[in-house]
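Let us walk through this structure step by step. Keep the sequence and the 3D view side by side as you read.

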Amino acid sequence: MHAPTITPETAWHVLWHYGRGGCQPGQFTQRLMDAMDAADEVNFHILAATYPELGAAMTAAKNDPNGIAELQRIGGQAAA
């Protein structure tokens, strides 16, 4: 299984969530990102299985040292 492709829109939403630019998503996506951020590992994986693109983007932002820069690249933003 391969990692899901992260679209520019998802990159923008995750960047916004972490205060790194991007754009504000709708309320459902905001609450979903809050839930994913607060979830323990098991529950994060349950949510990420249902929303794999968002899970991959949030994992990159939180755990990959180059994750924010990669999301900025995907979203077409200059690195801050």
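Which residues does M36 touch, not counting residues up to four places away in sequence? The list is F44, L47, A48, Y51, L54, G55 and M58. Touching, or contact, means heavy atoms within 4.5 Å.

A word on the model comes next. This is a predicted model, in which local features need pLDDT of at least 70 and side-chain atom pairs count only at pLDDT 80 or more, while totals for chains, interfaces and linings use all residues. Residues are numbered from 1 along each chain as its sequence is written, and side-chain values use heavy atoms, with hydrogens and water left out.

Back to M36. Together with L32 and A35, M36 in helix α2 meets F44, L47 and A48 in helix α3. The residues of this contact divide into 6 nonpolar, no polar and no charged. Here Ala, Val, Leu, Ile, Met, Phe, Trp, Tyr, Cys and Pro count as nonpolar; Asp, Glu, Lys and Arg count as charged; the others, Gly among them, count as polar. Helices are DSSP runs of H or I with at least four residues, numbered from the N terminus. Helix α2 covers residues 27-38 and helix α3 covers residues 41-50.

How do such helices get described? Two packed helices are described by the angle between their axes and the distance between the axes. For α2 and α3, the axes come within 8 Å and cross at roughly 145 degrees. Each axis is a line fitted to C-alpha atoms over the stretch in contact, and angles run from 0 to 180 degrees between N-to-C directions.

M36 also belongs to the largest nonpolar core. That core is a set of buried Ala, Val, Leu, Ile, Met, Phe, Trp, Tyr and Cys residues joined through side-chain atoms within 4.5 Å. Buried means under 20% relative accessible area, exposed means over 50%, and partly exposed lies in between (1.4 Å probe, protein chains only). The core has 15 residues, and V14, M36, L54, M58 and L71 touch the most other members. Helices α1, α2, α3, α4 and α5 each supply at least two residues. Helix α4 gives the most, with 4 residues. In soluble globular proteins, nonpolar side chains tend to be buried together.

Now turn to helix α1. Its buried residues are T10, A11, H13, V14, L15 and H17. What covers them includes α2, α4 and α5. Take L15: it counts as buried because its relative accessibility is 0%. Leaving aside neighbours within four places in sequence, L15 is in contact with R20, G21, G22, I68, L71, Q72 and Q77. L15 and Q72 are 57 residues apart along the chain, yet their C-alpha atoms are separated by 7.5 Å. H17 has a relative accessible area of 18%, so it is buried too. With neighbours within four places set aside again, H17 is in contact with M33, D34, D37 and M58.

What comes just after α1? There, G19 takes a positive phi of about 65 degrees. G19 sits in the loop between α1 and α2. With a relative accessible area of 61%, G19 is exposed.

Helix α5 is the next stop. In α5, G67, I68, L71, Q72 and G75 are buried. They cover an arc of only 140 degrees around the axis, so they lie on the same side of α5. The arc is that of the directions from the helix axis to the C-beta atoms. What covers these residues includes α1 and α4. Just after α5, G76 takes a positive phi of about 80 degrees.

A salt bridge is a side-chain nitrogen of Lys or Arg within 4 Å of a carboxyl oxygen of Asp or Glu. In one, D37 pairs with K62, and the closest N and O atoms are 3.1 Å apart. This pair links distant parts of the chain: D37 is in α2, K62 is in α4, and they are 25 residues apart. D37 is partly exposed at 28% relative accessibility, and K62 is partly exposed at 45%.

R73 forms a salt bridge with E70, with the closest N and O atoms 2.6 Å apart. Both are in α5, and because they are 3 residues apart, about one helical turn separates them. R73 counts as exposed at 55% relative accessibility, whereas E70 counts as partly exposed at 35%.
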